[in-house]
Amino acid sequence: MTVRSLLRGRPAVTAAAVAVVAGGVAAGLIASPDGSGGGAGEAESGPAAAAGLGALGGLDRPGKLLFRNAVPSGAAGSEQAGRLAAVPLAAPGGARTVSGLSCVRVHSRGGTGVCLTVERSAHPQAYAIALDGRLGTTHKIPIPGTPSRAQVSPSGRMISWTVFVSGDSYAGENLSTRTGVLDTRTGQVIPDLERFTLLQDGRPNTNVDLNYWGVTFTRDDDRFYATAKTKGTTYLVQGRVSTQAMWTMRTNVECPSLSPDGTRLAFKKATGDPARPWRLHVLELRGMRETALAERESVDDQVVWMDDRTVAYGRLRGSSTEVRTVPADGSGAPRTLLADAFSPAPIP
């Protein structure tokens, strides 16, 4: 019996209850930046795992850019690959401060952080770890799959994550995901959005092939946007935690990310070109007008907003990864912000 079958249709539960149900379910290997799976970045144990960000301060101190350190094997500093790191926002090319916490994905807002990690064992187990302002663990949720996406709401109250359960790419026909939500204030865990009702054209969609990923929350900590896929089509959906309901808005929108001013969604759009499967776009929510961004290379990531004018994202680059930025209005050109880095999370 799977975690999904145990939890589907049940009331939302606490983090402790999820740990009891999911603790014995083995997770997959850690996802590489393109979602294909890999073996680096497993969680460390012992005192080193608690090391913070030194002079740059914790998650409640502004002015820094968090990211996953991605120094290639054999290069100087490669022993710190996979760890949560930070640089000053004003000087991203400067020296990195590397913590002792290993993360596949990281995100932070409102003084709260999330680290998706995998702990080494005979049966590797993935976790979504909620972090306080000093990088202390407040919740540790077992997640049954390969870590893929994670975001924190603007206030820091709500945390979301997505894992692959089978399949290793959002482009694959065998895609299967689980997307969960944690309310850090109450401890309530929703282990799978599939327990929510999805309304499509005003009617409940009960298809068994439904999958969800890429949650992004609004400022009220209740309303959110995400991607749903069914019958081979992806949809932008809007939902509410309070009503446990979602409804479709439009097709071909993946991994939405809400702008700081709440007026636009950055997302990746399928192109139909196998060589370049996705292109980044921005959607104006009031008029539903799309704008293609200047990044013409394929990007398989849930982007983040550096501010209301610029988005950032991770991309493969040779044997490593990099973080790029591009203007959110379709102008300009992409530029590399950080080499050997992934999963950016600005704390302005």
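Visitor: Before we start, what do buried and exposed mean here?
Guide: Buried means under 20% relative accessible area, exposed over 50%, and partly exposed in between, with a 1.4 Å probe and protein chains only. This is a predicted model, where local features need pLDDT of at least 70, side-chain atom pairs count only at pLDDT 80 or more, and totals for chains, interfaces and linings use all residues. Residues are numbered from 1 along each chain as its sequence is written, and side-chain values use heavy atoms, leaving out hydrogens and water.

Visitor: Thanks! Is Phe224 buried or exposed?
Guide: Phe224 is buried, at 2% relative accessibility.

Visitor: How many aromatic pairs are there?
Guide: Two; rings of Phe, Tyr and Trp (its six-membered ring) pair if their centres lie within 6.5 Å, with planes under 30 degrees apart stacked, over 60 edge-to-face and the rest tilted. In one of them, the ring centres of Phe196 and Phe224 are 6.3 Å apart and the planes meet at 55°, so this pair is tilted.

Visitor: Which residues form the aromatic cluster?
Guide: Phe196, Phe217 and Phe224 make up one cluster. Phe196 is buried too, with a relative accessible area of 6%.

Visitor: Switching topic, how many disulfides does a search of the whole structure find?
Guide: One, where a disulfide is a pair of cysteine sulfur atoms within 2.5 Å. Cys103 is joined to Cys115, S to S 2.1 Å.

Visitor: And why is that disulfide left-handed?
Guide: Because the torsion about the S-S bond of Cys103 and Cys115 is about -115°. Cys103 is buried at 1% relative accessible area, and Cys115 is buried at 0%.
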